[in-house]
Amino acid sequence: MAEFLKPEELGKLAEAWYGIERELEGLRHFSTAGEALAERLEEIGEAAAGLGRLAGEVCVSAMHHLPEKREFFQRAMEELESAAEELRTRALNSAGMLRRRAALEAELAELEAELGQAEKEAGRLKGQAEDACGRAERLRAELERRVAEIREETDAGLVEIREAFAARVEGLLAGRGVRLYGRQASALEVLEELIREPEAGLEVQGEGGGELVRALRRLAQECAGRMRAVLLREKHRIAEAEAELRLQEAEERCRALRAELERAESRLASLGMRAEELGGELAGLGVPGGYAGVLELREELMRILERCSLRRALFAELERIHEVEPEDPEKRDLRLRIKELEEELEAERREAASLRRRAEELAGLRREAEEAAEALRAELEEARAELELLRRREEALKAELAELRKVAERERRAAAMREKELRERLEELGRRAAELEEQLAGERREAGRLRGELRRLERRLRVLEGRREREDRGGAEEEAYLSEKLSALRRRR
């Protein structure tokens, strides 16, 4: 059977608790979050583990000495054990993260130094590669220029040789016809074909043609030999130019420097990616660096202990415990009454704590309300200024509207007068149109009458024309009259 702690031994819990609080307070003396702080946090974590075990042992012993307060001691024990475990976990985790931060910062510092050297090396190689490749480009351009000149001279020499031998072929043939593969060919065609194919089918017309063919073959081979000599000289001259300019060596150096530059840039990119990874991991750590991080961590650990609302009542209760003889019923009743009062006091304390938290919440809400009210006041001022601007704009628009109404009224009156004039003019035109229609109707009736008269006169004229040969001069005069009348009618119509 386990032994309970004696009353005088119960004070070890408060001593352990306040010892940890002093350790936490002492964290503010660490200027940096380094190895020393990590070691101190590990010590605090071990002390917190011991505190949790001691809280269980002390509270169980306190229940033994004061069985009637077992519920209070049980709550206090659970609260202290939970706080001690949370403090232990947070302290050890923080120590581990501090060591990781220190390792990452050291690696990052080394990597940044290496990155700086890599940047310098890449810059140096880039400059060398640009110089070497630029020199290779210039040498290549110079070689191409020289080769072009050499080949131009070679072409001129070949043309000169070909023309000279073509002239000799012309002289040798002396006007004789020559056939190449059965077709008529010129001296130049014969020469070029024999150079390409010495045994080409060739036929010279006339006496001694076979001897001429052999002579032409020899002449073509001589021409080919001279041309080959010119081409060989060209090849030697180009080789000399290449050896003099050392283009191949320059191009190889250019390629080598570019390859080295690519490796340096690849290494630089790899170092940059690693530096970004380390920076991201540092940013993701839960413990910030610097003295501000030390103070923040200290406050966080202290808040864990401050959330233990029963610790002071527990420590006070433990101080009052001492060895006593078994009490009589009256003392037991008195002690029960004291317990009830203490429980009421504890309830009042919890209520006070709740009220304090509510007061803090209300204070926060009040600050938020004041900030919101301030923002609303600012918005109200802006709205008032905007309203004043709108009011002035409204007055200006009203004045403009009044002026526009005056102009509209003048325009309306003018339009009304114009409309009256147009209506009167329209009425007048209507009357005039009616008169014209009536006149037109009369004219139409007159025209109808005249058309009837015209038809009658035309019939009469035809009658008169039939009788004209038989009538005397009097009849002719009548016909003339009728014709004149008909003409007058036609003009009137």
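**Note on the predicted model: cores, salt bridges and the disulfide**

1. E317 is buried, as is K69; here buried means under 20% relative accessible area, exposed means over 50%, and partly exposed lies in between, with a 1.4 Å probe and protein chains only. The model is a predicted one, in which local features need pLDDT of at least 70 and side-chain atom pairs count only at pLDDT 80 or more, while totals for chains, interfaces and linings use all residues. Residues are numbered from 1 along each chain as its sequence is written, and side-chain values use heavy atoms, with hydrogens and water left out.

2. These two residues also pair with each other: a salt bridge joins the side chains of E317 and K69, at 3.7 Å from N to O (the criterion is a side-chain nitrogen of Lys or Arg within 4 Å of a carboxyl oxygen of Asp or Glu). Because E317 belongs to helix α8 and K69 to the loop between α2 and α3, the pair ties together parts that are 248 residues apart in sequence. Helices are DSSP runs of H or I with at least four residues, strands are runs of E with at least two, and both are numbered from the N terminus.

3. The structure contains 26 salt bridges. One of them links E222 with R168, whose closest N and O atoms are 3.7 Å apart. E222 sits in helix α5 (residues 209-245) and R168 in helix α3, so this pair ties together parts 54 residues apart in sequence. Both partners are partly exposed: E222 has 33% relative accessibility, and R168 has 41%.

4. The salt bridge between the side chains of E249 and R246 has an N to O distance of 2.6 Å. E249 is partly exposed at 43% relative accessible area, and R246 is partly exposed at 47%. Elsewhere, a network of salt bridges links E142, R145, R146, E149 and E244.

5. Which residues of the largest nonpolar core touch the most other members? They are L13, L24, F73, L314 and L318, in a core of 47 residues; such a core is a set of buried Ala, Val, Leu, Ile, Met, Phe, Trp, Tyr and Cys residues joined through side-chain atoms within 4.5 Å. At least two residues of this core come from each of α1 (12-26), α2 (35-65), α3 (70-173), α7 (290-306) and α8 (311-320). The greatest contribution is that of α2, with 12 residues.

6. Leaving aside residues up to four places away in sequence, L318 touches L10, L13, V58, A62 and F73, where contact means heavy atoms within 4.5 Å. Another core of 23 residues lies apart from the largest one, and its members include L158, F165, L180 and L191.

7. Helix α3 has 104 residues, which should span 154 Å at 1.5 Å a residue, and the 142 Å between its end C-alpha atoms agrees with this; the expected span is 1.5 Å times one less than the number of residues. Just after α3, A174 adopts a positive phi of about 55°.

8. One disulfide is found in a search of the whole structure, the criterion being a pair of cysteine sulfur atoms within 2.5 Å. Its partners are C133 and C254, with sulfur atoms 1.9 Å apart. The torsion about their S-S bond is about 90°, so the disulfide is right-handed. It connects distant parts of the chain, with C133 in helix α3 and C254 in helix α6 (residues 247-284), 121 residues apart. C133 is buried at 6% relative accessibility, and C254 is buried at 7%.

9. C59 is buried, with a relative accessible area of 0%, and C308 is buried at 2%.
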